[in-house]
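Please read the following account alongside the sequence and the 3D structure.

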Amino acid sequence: MIHDLSHELATPPHRDERTRQEFVASLRRHVLVDMAAHMQKRYASHVLPKFETAQGRQPEDGEEVHDAMMHEPYFCFYSAVRYNAQEMVFQSVIPVIDRNMEDLNQKAQSIRESNTHVEGTLTLNPKLEIPRSVTNIDVHLAPGSYHTQYQENDSSAGAIYDNSINVFAFNQMGRNTDDIGHSFSNYVKVAFPDFKPERILDCGCTIGHNTVPWAMTYPDAEVTGIDIAPGLLRYGSARAKSMGAKVNFSQMNATALDYPDNSFDVVFSSMFLHELPQKDIRAYMKEAFRVLKPGGLFLTMELPPNNKMAAYDSFYLDWDCYYNKEPYYKPFRDQDYLELVTTAGFNGDSFQETIMPRYTYMPADEFTAQVQAGPAFDDRTGRMSSDIRWYGFGVWK
Amino acid sequence: MSSRIPMKHRGKRPRFFSANGMDEMMSMVLEMTAEVWIIKKRLYLLERVAGQAGVSLTDEIENYNLTEAEITELDTLRHDLIATVLRSTEGEFVATRKVREGGGTETNDANAETQAA
């Protein structure tokens, strides 16, 4: 069973449509939990011994594992099921959004303009050029990618994202697919209790699902989410208001932030860097350094770097790069994250990697205890499963 | 089904299998499984809705005695379903393998035979 969205923009599917979405969510779970476990056993029992016999050593990295696995029949089945499941996510969601497009857009606008919802601005820039890295590819097989608009004042891209990630996550990313935002904002609160951020910026926020938790964790802070795509931001603004969270949304390219120097106490992002070309990652991080106040925190939730992972685990996470239209995934994960932050201008002495459990899946005191104990890096880190551990890195200015 | 929002992503789909048609076959199997699940769940709900209306569909179905005519009709429907699903494995579309006397196999290309004749 997957949850209905818990805000006013929820667009209930017909019974059979919901059943199809549940099927796809179950299929996703099957491939990412059950088939993934079996594939790893096949690697250990068949592929690795063959490699060791032929090469006289173990694979050095994920690429060598990938080359070896491509001839393993179970890898072919795993990949085919996983690829099809990804396509089916969108095919189970799009007909619902398409049918309800006018009502959805009217409702979203009504919420944004109402006097009865919390404040929160939406600033769009129709002249902003959407980068080709976004327009040229249907990232993670999403038809139309993030940026496409289908009518005037359109929020469809946001609705597709919200509903599709609900199916994609098979209930593992939080009740409102916002566990990352809750986990990271509460990690900061637990780990740095004297830190009281006044202005928080979430870059590449999409629909603000991980931005809203910052407003909840730090209710006195001014929280802003920026993204390149107008449809996501229209939807996100209405969504946040509907959830009672005061968040400002602005259409902006994170590589050229329209803020003065030293503007923010926190610059956060989640699942953002791996969607950027290398030059954009570096440009964004320089901007993050610029707009952070002295003593401010740059923090990002991401996938762990390949240089910290066993060869098989690297291969496993790199699958999206090869087969899920995420071309920047592996080039990002091949980077040295410390080098990224120091090149941007940060002093690497305060560079910190962090692994944390999911905040919304346990009592708050248990989350606190686990954060304070410092969870270890293991094969659950960054792997979408029923026991995922989020990975992040950060640095103080 | 027309849609203003595209249903298909841009770009080619990867090939995971070396055998032609296998990738498409996998897609068909998964889509069909989804359709089967939708039907199964609807039947499940149908029985429960009927139960709430005072009709124990579950018991009625378990105890229903098919007439001869219904048995014959179901036989035909079932046979047609199997034949339809397995249509691509029949007749001229298949390169059959014959077991050679003394062991081994040879491929008997039905098309080649047809052309030779």
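The paragraphs below take up the domains, the chain contact and the nonpolar core in turn.

This is a predicted model, in which local features need pLDDT of at least 70 and side-chain atom pairs count only at pLDDT 80 or more, while totals for chains, interfaces and linings use all residues. Residues are numbered from 1 along each chain as its sequence is written, and chains are lettered from A and ligands numbered from 1 in the order in which they are written.

Chain A is split into domain 1 (15-118 + 132-161) and domain 2 (171-396), with bounds from an automatic or database domain assignment. Their C-alpha centres are 20 Å apart. Contact, meaning C-beta atoms placed from the backbone within 7 Å, joins 38 residues of domain 1 of chain A to 35 residues of domain 2 of chain A.

Between chains, the contact takes 26 residues from chain A and 22 residues from chain B. On the side of chain A that touches chain B, H3(A) provides the largest share, twelve residues; helices are DSSP runs of H or I with at least four residues, numbered from the N terminus.

The largest nonpolar core comprises 113 residues, and A:Leu201, A:Val267 and A:Phe298 have the most contacts inside it. Such a core is a set of buried Ala, Val, Leu, Ile, Met, Phe, Trp, Tyr and Cys residues joined through C-beta atoms within 7 Å, where buried means 20 or more other C-beta atoms within 10 Å of the residue's own, with C-beta atoms placed from the backbone. H3(A) gives the most to this core, 14 residues. Domain 1 and domain 2 of chain A both contribute residues, so this core lies between them.

Note on methods
Contact = placed C-beta atoms within 7 Å. Helix = DSSP H or I, 4+ residues; strand = E, 2+ residues; numbered from the N terminus. Buried ≥ 20, exposed ≤ 12 C-beta atoms within 10 Å, placed from the backbone.
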